[in-house]
Amino acid sequence: MNLQSLIADHFRLTEPERKGLKKLGVETAENLLYHFPSRYGSVAEMRVIANLQKGETATVFGRVSKLKASKAFRTKMTMGTAELADDTGTIKLIWFNQPYLAKMIPEGALVRVEGKTSQKRNATSELYFSNPKIERVEKIPLSAETSLFGTESDAHHLHPVYPETRGVSSNWLFHAIQKILSAVVGGSASGGKSYMLDFIEDPIPSDILKKYSLPSRKTALIWIHAPKKESDARAARKRFSFEEIFLIQLQKQKERVLLKREPSFVIEKTEAQIARFTERFPFPLTRAQQRAIDAIAGDFKKGIPMARLLEGDVGSGKTAVAASTAYSIVTSSPSGQSFGNLQVAYMCPTEILAKQQFENFISFFSHLPVNIGLITSSGCRKFPSKVNTHGATDISRTQLLKWVANGEIPILVGTHSLIQKAVRFKHLAYVIIDEQHRFGVAQRKALVHKEKIMPHLLSMTATPIPRTLALTLYGDLDLTLLDEMPAGRKPIRTKIVLPSERAEVYEHIRKELQNGRQVYVICPRIDEPDPTKALAVQARSAKKEAERLKKEVFPEYEIAVMHSKLKDSEKEEVMECFRDGKINILVSTSVVEVGVNVPNATLIIIEGAERFGLAQLHQLRGRVLRSTHQAHCFVFAESTGTKTVERLKALGQAKNGFELAEYDLAQRGAGQLSGREQWGVSDVAMEALQNLKMVEAARAEAALLIGEDAALGAYPLLSAELSKRTGGTKEIHFE
Ligand code: ADP
Ligand code: MG
C-alpha cells in the first residue's frame with residue numbers, strides 16, 4: 001500500500017462503506033489521512049448510566065439491546081428505540097425520524113453512545129437519550145468513574161472523533177487510519193522497516209515552518225490522528241490550517257501577479273469630468289462613495305487591469321459608484337482612436353436584479369447619447385427605443401448581440417447570459433459584477449477572460465464577512481469599503497420582541513398595512529420538521545407560518561410564501577407581485593433576494609432569530625432599508641436566555657455588517673458563518689480565520705515567494721501541490 005493506493009483495494013468494504021467513503025470524498029490512502037478528526041473525546045468525559053442527570057450531554061459505553069423501529073403513538077412520527085446497559089443501570093435510546101439507526105447496529109453489540117439526556121414532562125418518568133450518536137466499539141474502556149484505578153494510558157487517552165456519514169462510522173475511520181499510519185512498505189537498505197508515512201514530503205519550506213514553530217507534515221499527520229497530548233493535536237491542526245491558507249494565498253497572489261502583467265485599457269478622465277456626471281445625481285455622494293470612485297479612476301489610469309472588490313452594506317450606494325466609473329469608460333475611445341467607445345458589462349445574479357439595474361442605469365445615463373442593453377434568458381431590451389426616446393423597448397437577441405459586437409451598445413446589463421459564447425463585445429474594457437458572492441470565481445473569470453485585452457474588474461458585495469475571510473477568499477483583489485450610509489436615511493429601528501409582546505407587534509403591523517405598507521416575515525425553515533429537535537420547540541416554517549397568519553391574524557391581506565424550493569420562475573413571479581403591491585405580506589426563508597428593492601416594504605419580522613448569524617440578520621433587515629419611511633425590524637427569538645438576548649442586542653449597536661461578521665466569528669466560530677458552503681474552504685482552514693495573525697503571516701509569506709518567482713521554480717513541491725489543488729477545484733456549470 002502506498003499513498004496513492006485505493007482504499008477499495010486494501011480494505012474489504014461493504015456496499016454502505018463504499019458509498020459512504022465516496023460521499024466523504026475519500027478514495028486513496030492519502031485522502032483518508034487528510035480526513036481529520038472534528039474533535040477528540042477523552043475517557044475522562046465518560047459517564048456511567050446510574051449517575052446521569054436530566055439534560056446533560058454525556059458519553060456512555062455499554063451493551064445495546066431491544067433495537068426496533070416504530071411509530072410514535074400520537075404524532076405518528078417514525079422512530080427507532082433501543083436500550084443501553086452498563087454495570088450500573090439501563091437507559092432508553094430514542095431516535096426520532098431516523099428509524100434506520102436502530103437497524104445499523106446488531107443486537108447485543110458493545111457501543112459508545114453520546115448525546116443529550118431528556119425526560120418526559122413528569123419528573124418521575126425515566127430518562128432517555130434523545131437522538132444520540134451511536135457507534136460500535138471493540139471494548140469498553142475503563143473510566144475514572146467505573147474504576148478508582150483507571151490505568152494511566154486509559155485516563156489520558158484522546159480518541160479522535162471523525163466526521164462520519166451513513167455507512168462510515170467514526171470508529172471505522174479511526175481503525176482504517178491507524179492501519180495506514182502503521183503501514184509498512186518494505187525494508188530499507190539499512191535493514192530497518194520503512195513506513196508509508198516516511199514517503200510524505202513537506203511542501204512548505206522548512207524555514208517557514210521554523211519561523212512559525214509548525215510541525216512537519218509527517219509529524220502533524222501523526223499528531224492529528226494519534227495525539228499523545230492535547231498540545232500535539234493543537235499544533236497539528238495549526239499546521240494544517242496554515243498549510244491550507246498558505247496554499248490559497250499562493251494561488252491568489254500568483255493570479256494577482258500574472259494579471260498585473262497584462263496590459264489593459266488606459267482611461268484618462270479627470271476628476272472634473274467625472275464630477276460633471278455625478279453632480280447631476282439627485283443626492284450628494286457620500287465621502288466613501290467619492291473615495292471609491294477616486295480609487296477606481298486611479299486604477300484606470302495605470303494601464304494594468306484593475307481587480308477590485310467593493311464591499312458595502314445594502315443601501316450604501318454601490319450602484320452610483322458603478323455608474324460613475326462606467327461613465328468614464330463609455331465616454332472614452334479605444335486607444336489610438338478619436339472615435340468609438342469602450343464598453344461595460346454589468347452582471348447580476350438574478351433576472352429581477354438585472355432588470356432593476358438596467359432601469360437604474362437608464363436614469364443615470366438618460367441625458368447622454370449612450371445606448372444601454374439588457375440581456376437575460378427571457379429576453380433582451382434596449383434603451384432608448386427608436387419610437388420613444390425616453391423609454392426602453394424589447395429587441396431580438398440577434399439584434400442586441402449585433403449591436404454589442406459592433407460597439408453600438410456601450411453598456412450591457414445582464415444575468416449569466418452575459419457569459420455565453422455568443423455574446424461578443426467590440427471593446428470590453430470594464431466588467432462589473434453585482435452581489436459577487438453569488439458567482440463563483442470561475443464565472444468572474446469567464447466574463448473577464450472573454451477578451452484579448454484584459455478588462456478592468458469591479459466586484460461588488462454586500463455580504464458582510466470577517467476580514468480574515470476576505471483576505472483569504474479575495475487575496476487577488478484590492479479591497480474598498482463603503483463604510484458610510486447616505487445622509488438622511490432613517491436608521492432602521494430594531495426591537496427584540498418577547499413572546500408576550502407578539503400581539504402588540506401584530507397590531508403595529510396592522511397599522512402599517514392599513515397605511516399601504518408591506519411586510520416581510522422571515523422564518524428559519526421551509527416546512528419539514530427538524531429531526532434533531534423532535535421534542536424541542538419547533539422552529540417556525542415559512543409555509544405553516546403563512547397559513548397561520550392568513551387564518552388567525554391577517555385574513556384580510558394577501559400573503560405569499562417564498563423559499564429556495566420554488567422554481568426560479570415561481571420565485572420571480574412572487575417577487576414581482578410583491579414589488580407591484582399585489583402581495584401585502586411575504587413569508588419567506590432567508591432566500592429572499594439580496595439586493596431586491598421594494599421601497600414600500602418597511603417592516604420585517606424575523607422568527608427564530610437565534611438560528612441566524614448576526615451578519616445574516618443584518619442582511620435580512622437590509623431588505624427594508626430602501627424606503628424614506630421609517631423602517632422597523634422585529635426580532636423574535638425562541639429562547640429568551642440572556643446569552644441569546646445579549647447576542648441579538650449587538651444588532652442594535654453595530655455600525656455595519658462587517659462589525660457583526662467579526663462578532664459572529666468571535667462568538668460562534670468560523671463553522672457557523674453563514675454561506676460557508678459556497679466558499680470551498682475546509683474545516684481546518686476555517687479554524688485559522690479566528691487568527692488574523694496567522695492569515696496575515698500566510699499572506700505575507702506567500703507574497704514573498706510569488707514576488708521572487710511566480711512560477712515557484714525553487715519550490716517544486718509547492719508548485720506541484722498548487723497545481724494539484726487548482727486541478728481539483730470544482731468546475732462551474734452554467735445554467
Ligand atoms: P447598494 O449598495 O445596496 O447596491 P444602491 O446603490 O441600490 O445600494 O443604493 C440604495 C439607494 O440609495 C438608492 O435608492 C440610491 O439612489 C440611493 N443613494 C445612493 N447613494 C446615495 C447618496 N449618496 N445619498 C442619498 N441616497 C443615495
Ligand atoms: Mg446593489
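How many disulfides does the structure hold? The structure holds zero disulfides, a disulfide being a pair of cysteine sulfur atoms within 2.5 Å.

The model is a predicted one, in which local features need pLDDT of at least 70 and side-chain atom pairs count only at pLDDT 80 or more, while totals for chains, interfaces and linings use all residues. Residues are numbered from 1 along each chain as its sequence is written, chains are lettered from A and ligands numbered from 1 in the order in which they are written, and side-chain values use heavy atoms, with hydrogens and water left out.

The secondary structure of the chain consists of 25 helices and 25 strands. These elements are DSSP runs numbered from the N terminus, helices being H or I runs of at least four residues and strands being E runs of at least two. Of the 735 residues in the chain, 53% are buried. The chain exposes about 34900 Å², and carbon and sulfur atoms supply 52% of that area; accessible areas come from the Shrake-Rupley method with a 1.4 Å probe, and for residues only the protein chains shown count as cover. Among contacts (heavy atoms within 4.5 Å) between residues at least 6 apart in sequence, 71% join residues at least 24 apart.

Ligand 1 has 15 residues around it, and Gln289, Gly315, Lys318, Thr319 and Arg489 come nearest. A residue is counted as near if one of its heavy atoms lies within 4 Å of the molecule. By class, this shell has five nonpolar, six polar and four charged residues. In that scheme Ala, Val, Leu, Ile, Met, Phe, Trp, Tyr, Cys and Pro are nonpolar, Asp, Glu, Lys and Arg are charged, and the others, Gly among them, are polar. A polar backbone atom of Gly317 lies 3.1 Å from a ligand oxygen. For Lys318, an N or O atom of the side chain is 2.8 Å from an oxygen atom of ligand 1. For Thr319, the separation between a polar side-chain atom and a ligand oxygen is 2.7 Å. Ligand 1 taken alone exposes 570 Å², of which the protein buries 79%.

Thr480 is found in strand S19, residues 478-482. Its relative accessible area is 13%, so Thr480 is buried. Leaving aside residues up to four places away in sequence, Thr480 touches Ala292, Arg308, Leu309, Leu310 and Glu311. With Arg308 there is a polar contact between side chains, at 2.8 Å.

Helix H20 spans residues 614-621, and eight of its eight residues are buried. Among them are Leu614, Leu617, His618 and Arg621. The cover over these buried residues includes strands S20 (493-497), S21 (518-522), S24 (601-606) and S25 (632-636), together with helices H21 (642-653) and H22 (657-668). The loop between H20 and S25 contains Gln630, which is buried at 17% relative accessibility. A polar atom of the Gln630 side chain lies 3.0 Å from the backbone oxygen of Pro491. Not counting residues up to four places away in sequence, Gln630 touches Lys490, Pro491, Ile492, Arg493 and Thr602.

Asp87 lies in the loop between strand S4 (78-86) and strand S5 (89-96). At 84% relative accessibility, Asp87 is exposed.

Most residues other than glycine have a negative phi, and most peptide bonds are trans. Lys66, in strand S3 (residues 57-71), has a positive phi near 55° and is exposed, with a relative accessible area of 52%. Ser213 also has a positive phi, of about 50°. The place of Ser213 is the loop between helix H7 (206-211) and helix H8 (217-225), and at 61% relative accessibility Ser213 is exposed. The peptide bond from Phe383 to Pro384 is cis, with omega near -10°. Pro384 belongs to the loop between strand S14 (379-383) and strand S15 (393-395).

Key:
Polar contact = N/O pair within 3.5 Å; in protein donor to acceptor, adjacent residues only side chain to side chain. Buried < 20%, exposed > 50% of the residue type's maximum accessible area, 1.4 Å probe, protein only.
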